[in-house]
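Hello,

Here is the structure we talked about handing over. Please open it alongside this note, and then read on for what turned up in it.

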Amino acid sequence: RMAFQLGRQFLREAPPEQRIKRIISFLGGGLVVAATVRKRKLERKGGLDVGRIELASGSRRLELTFWNEYMTLEERGRRLATFPDLIMTFETETASPLISAQLEKGQDVFLIAVPSRFLRLGTGVKERQLLFRIEKAVQKKILRPKNRR
């Protein structure tokens, strides 16, 4: 039901940035940044896209890592979001979602990050064995201590 309600909010007519902010508000809060892609490193490993994307927003420098989906978001080495937090990119002209493989240097995007505590997620996204595989793939810390879940 939450996904259906979110879709209805997203599809309501409004300028792209307002639509993105409406998503954040509906989900309970999070980060919205208008940014430009500075670099993208993409490799295919085992049938999956793995890599990093660097973004700039004014003086802010952001880094996304991905393993098909966005796994981490950092600002100058400080972690802002970690899977299973929702990390997404959107076109600035239409607010259409963009996957990591679609981003190109010089492209303007909206970036969002919503803490997982605001999302209804299945238990599989917190499975330690899966999170360990993600860590190995993106070479970033994903596993959280058991008392921080």
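**F26 and helix α2**

F26 lies in helix α2. A caution before going further: this is a predicted model. F26 has a relative accessible area of 29%, so it counts as partly exposed. Set aside the neighbours within four places in sequence, and F26 is in contact with M2, Q5, L6 and Q9. G7 and F26 are 19 residues apart in sequence, and their C-alpha atoms are 10 Å apart in space.

I24 is in helix α2 too, which covers residues 16-27. Is I24 buried or exposed? Its relative accessibility is 7%, and the cut-off for buried is under 20%, so I24 counts as buried. Beyond the neighbours within four places in sequence, I24 is in contact with G29, G30, L31, V32, I112 and V114. L143 is another matter. I24 and L143 are 119 residues apart in sequence, and 25 Å separates them in space, C-alpha to C-alpha.

**The start of the chain**

R1 sits in the segment before α1. Its relative accessible area is 78%, so R1 is exposed. R1 and L27 are 26 residues apart along the chain. Their C-alpha atoms are separated by 13 Å.

**The whole chain**

Now step back to the overall picture. The protein chain has three helices and eight strands. What order do the elements run in from the N terminus? They go α-α-β-β-β-β-β-β-β-β-α.

The C-alpha trace spans about 40 × 35 × 30 Å along its principal axes. The radius of gyration is 15 Å. A compact globule of 149 residues would have a value near 15 Å, so the chain agrees with that expectation.

Buried residues make up 41% of the 149 residues. The chain exposes about 8900 Å².

**The largest pocket**

Rolling a probe the size of a water molecule over the atoms shows where empty space is left. In this model, the largest pocket holds about 370 Å³ of space. It is lined by 22 residues, and the closest to its centre are E69, D85, L86, I87 and M88. Which elements give two or more residues to the lining? They are α1 (2-11), β4 (69-75), β6 (86-91) and β7 (97-98). The largest share comes from β6, with four residues.

What is the lining made of, by class? It has 16 nonpolar residues, three polar and three charged.

**Backbone points to check**

Most residues other than glycine have a negative phi, and most peptide bonds are trans.

Start with the peptide bond between F83 and P84. That bond is cis, with omega at about 15°. P84 lies in the loop between β5 (78-82) and β6.

Next is A95. It is not a glycine, yet its phi is positive, near 70°. A95 lies in the loop between β6 and β7. Is A95 buried or exposed? With a relative accessible area of 0%, A95 is buried.

You will find Q139 in the segment after α3 (128-138). Its relative accessibility is 63%, and exposed means over 50%, so Q139 counts as exposed.

**Where to look**

Go on to the largest pocket, and find E69, D85, L86, I87 and M88, the lining residues closest to its centre. Then turn to the cis bond that joins F83 and P84.

Best wishes

Terms used. Residues numbered from 1 in each chain as written. Predicted model: local features only at pLDDT ≥ 70, side-chain atom pairs only at ≥ 80, totals over all residues. Heavy atoms only, no water. 1 Å grid on protein atoms, 1.4 Å probe; cavity = no way out; pocket = protein on both sides within 12 Å on 5 of 7 lines; lining within 4 Å. Points joined across faces, edges and corners; volume = space filled by probe spheres on them. Nonpolar A, V, L, I, M, F, W, Y, C, P; charged D, E, K, R; others polar. Rg over C-alpha atoms; globule rule 2.2 N^0.38 Å. Buried < 20%, exposed > 50% of the residue type's maximum accessible area, 1.4 Å probe, protein only. Areas by Shrake-Rupley, 256 points an atom, 1.4 Å probe, with all protein chains shown as cover. Contact = heavy atoms within 4.5 Å.
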